[in-house]
Amino acid sequence: MRRPLVAGNWKMHGTRASVAELIKGLRQLALPSGVEVAVLPPCLYINQVVTGLEGKAIAVGAQNCAVEPMQGALTGEISPSQLADAGCSLVLVGHSERRLVLGERDDVLSRKFAAAQSCGLVPLLCVGETLEQRQAGRTLEVVAGQLGSVIEELGAGAFAKAVVAYEPVWAIGTGLTATPQQAQEVHAAIRAQLSAENAEIARGVRILYGGSVKAANAVELFGMPDIDGGLIGGASLNADEFGAICRAAGN
Ligand code: PEP
């Protein structure tokens with residue numbers, strides 16, 4: 001039985017004041033006990049969020065990490081060991097905004113994935129196709145390539161302590177959502193790809209859906225057999241909406 005996970009990606013949003021407000025809202029939420037909940041603030045606010053959520057069952061993670069696990073000479077980066085030291089337990093790897101805007105390639109992402117795991121962080125690997133790729137009928141091929149490159153580098157065993165997030169690029173921040181059937185098709189393909197390497201790991205790995213998830217569409221999406229929760233962008237900046245999405249994952 002896979003425990004659902006709902007993670008809120010705050011992206012590059014927030015000020016000390018707005019983060020304090022959001023923490024206040026999150027602290028007041030009634031969260032379902034069967035669902036794991038996490039928030040991923042900008043690095044600058046991780047300390048504030050870890051302190052502010054003390055005693056609340058919400059994990060804190062980061063949106064990115066360095067390719068090297070330990071601190072050292074790598075200007076502008078933050079190492080997984082530093083994130084762990086700050087109280088993080090998970091980290092996004094390969095969000096499409098980083099793949100597309102910053103040009104992060106699969107080989108770099110495998111290094112980040114491995115570095116995160118070596119420091120005890122759970123990497124949350126994001127995969128997904130652009131609109132152009134979907135329209136060309138290449139969705140499954142693109143996603144298989146992104147997942148396959150990590151499997152090739154690190155082996156399917158690396159997914160014993162990792163999470164995959166399927167996020168169609170055309171659905172991120174656009175208000176367009178994949179239908180539950182469209183999402184399920186890709187989630188099932190991701191699980192099948194892992195299963196071909198290691199059936200036990202495939203059965204246990206959580207695969208989240210991300211892309212304009214709101215309270216209004218979460219129940220249907222989370223009701224699909226291979227969707228184990230969500231990676232939530234915009235809607236996670238509103239504590240009440242985020243709480244409603246978390247409760248939908250508990251249904
Ligand atoms: C995301 O950034 O991972 C995301 C899914 O964003 P949104 O929910 O805003 O589409």
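1. Val37 sits in strand β2, residues 36-40. Val37 counts as buried because its relative accessibility is 2%; buried means under 20% relative accessible area, exposed over 50%, and partly exposed in between, with a 1.4 Å probe and protein chains only. Its C-alpha atom is separated by 8.2 Å from that of Gly8, 29 residues apart along the chain. Neighbours within four places in sequence aside, Val37 is in contact with Leu5, Val6, Leu31, Ala57, Ile58, Ala59, Phe242 and Cys246. Contact means heavy atoms within 4.5 Å.

2. A word on the basis. This is a predicted model, in which local features need pLDDT of at least 70 and side-chain atom pairs count only at pLDDT 80 or more, while totals for chains, interfaces and linings use all residues. Residues are numbered from 1 along each chain as its sequence is written, and side-chain values use heavy atoms, with hydrogens and water left out.

3. The barrel comes next. Eight strands close into it in the order β1-β2-β3-β4-β5-β6-β7-β8, with parallel pairing. From one strand to the next, the twist averages 25 degrees. Two strands pair if DSSP finds at least two bridges between them. Strands β7 (residues 206-210) and β8 (residues 229-232) pair in the parallel sense over two bridges. Gly210 has Leu231 in β8 as its bridge partner. Helix α8 (residues 180-195) packs on the sheet and touches β5 (122-127), β6 and β7. The direction of α8 makes about 150 degrees with that of β7. Axes are lines fitted to C-alpha atoms, for helices over the stretch in contact, and angles run from 0 to 180 degrees between N-to-C directions.

4. Two loop residues deserve a look. Lys11 lies in the loop between β1 (5-9) and α1 (16-27). Lys11 is not a glycine, yet its phi is positive, about 50 degrees. At 17% relative accessibility, Lys11 counts as buried. Ser212 is in the loop between β7 and α10. Ser212 also is not a glycine, and has a positive phi of about 55 degrees. Ser212 counts as buried at 15% relative accessibility.

5. Now α10 and α11. Helix α10 (residues 215-222) packs with helix α11 (residues 239-249) at an angle of about 20 degrees, their axes 9 Å apart. The two are therefore roughly parallel; that label covers angles under 35 degrees, with over 145 roughly antiparallel, 65 to 115 roughly perpendicular and the rest oblique. Ala215, Ala218, Val219 and Phe222 in α10 meet Glu241, Ala244, Ile245, Ala248 and Ala249 in α11.

6. Helices α5 and α7 make another pair. Their axes come within 9 Å and cross at roughly 55 degrees, so α5 and α7 are oblique to each other. On the α5 side, Asp106, Ser110, Phe113 and Ala114 meet residues of α7 including Gly145, Gln146 and Ser149.

7. Finally, aromatic pairs. Rings of Phe, Tyr and Trp (its six-membered ring) pair if their centres lie within 6.5 Å; planes under 30 degrees apart count as stacked, over 60 as edge-to-face and the rest as tilted. The count is two aromatic pairs. Phe113 and Phe159 have ring centres 5.2 Å apart and planes at 50 degrees, so the pair is tilted. Because Phe113 lies in helix α5 (residues 106-118) and Phe159 in the loop between α7 (139-154) and β6 (163-166), the pair ties together parts that are 46 residues apart in sequence. Both Phe113 and Phe159 are buried.

How values were computed: Helix = DSSP H or I, 4+ residues; strand = E, 2+ residues; numbered from the N terminus.
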